[in-house]
Amino acid sequence: MTKELKANAQSQRSDLGGGHYGYLSLVLPQVEYLTLPNAANLVLPIAPAPFTIPAGTTAVQSMVLKSAWESDTKAYLEYMHMQLALKNQISQSIDMRYLKAIRNPVTNSITRSVLEILN
């Protein structure tokens with residue numbers, strides 16, 4: 001299963017971790033990932049706060065702020081979707097009874113990251 005997860009993670013383009021290995025950094029421990037050629041330290045995207053324009057901001061500054069916010073939001077959503085896709089792959093590969101301990105009892109979603117599940 002780990003080989004398939006690695007293959008799927010690499011098949012999607014991402015700028016995270018240097019941008020050379022797709023989302024492989026979601027599957028490999030950072031120490032191992034950093035041994036790869038051209039790999040960079042992984043900085044996970046965080047959910048951006050709601051978009052606001054500070055008072056006194058010019059139209060050009062507003063456009064720059066909005067563009068940066070949209071870029072951050074896109075990176076975060078792509079990261080979350082990839083985590084979800086890999087977790088779904090894990091769910092389909094492992095018997096449900098083994099995953100019960102890491103599922104939220106209300107939402108039935110897996111509450112750990114892919115890397116935490118694999119370790």
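Lysine 74 is exposed, with a relative accessible area of 53%, where exposed means over 50%, buried under 20% and partly exposed in between (1.4 Å probe, protein chains only). Its side chain meets that of glutamate 78 in a salt bridge at 3.6 Å, N to O, a term that requires a side-chain nitrogen of Lys or Arg within 4 Å of a carboxyl oxygen of Asp or Glu. The model is predicted, so local features need pLDDT of at least 70 and side-chain atom pairs count only at pLDDT 80 or more, while totals for chains, interfaces and linings use all residues. Residues are numbered from 1 along each chain as its sequence is written, and side-chain values use heavy atoms, with hydrogens and water left out.

**Salt bridges**

- Glutamate 78 is partly exposed, with a relative accessible area of 34%.
- Another salt bridge joins the side chains of aspartate 15 and arginine 13 at 2.7 Å, N to O; aspartate 15 counts as exposed at 58% relative accessibility, and arginine 13 counts as exposed at 60%.
- Aspartate 95 and arginine 97 also meet through their side chains at 3.6 Å, N to O, with aspartate 95 partly exposed at 39% and arginine 97 exposed at 60%.

**Helix α3**

- Helix α3 has 35 residues and reaches 51 Å from its first C-alpha to its last, close to the expected 51 Å; helices are DSSP runs (H or I, at least four residues) numbered from the N terminus, and the expected span is 1.5 Å times one less than the number of residues.
- Among the buried residues of α3 are Ser62, Thr73, Tyr79, Met82 and Leu86.
- The buried residues of α3 pack against α1, α4 (96-99) and α5 (114-118), contact being heavy atoms within 4.5 Å.

**Aromatic pairs**

- The count comes to two aromatic pairs, for which ring centres of Phe, Tyr and Trp (its six-membered ring) lie within 6.5 Å, with planes under 30 degrees apart stacked, over 60 edge-to-face and the rest tilted.
- The rings of tyrosine 21 and tyrosine 33 have centres 6.0 Å apart and planes at 80°, so this pair is edge-to-face.
- Tyrosine 21 lies in the loop between α1 (2-10) and α2 (30-33) and tyrosine 33 in helix α2, so the pair ties together parts 12 residues apart in sequence; both tyrosine 21 and tyrosine 33 are buried.
- Phenylalanine 51 and tryptophan 69 form a tilted pair, 5.6 Å centre to centre with 50° between the planes.

Definitions and conventions. Helices (H or I, at least four residues) and strands (E, at least two) are DSSP runs, numbered from the N terminus.
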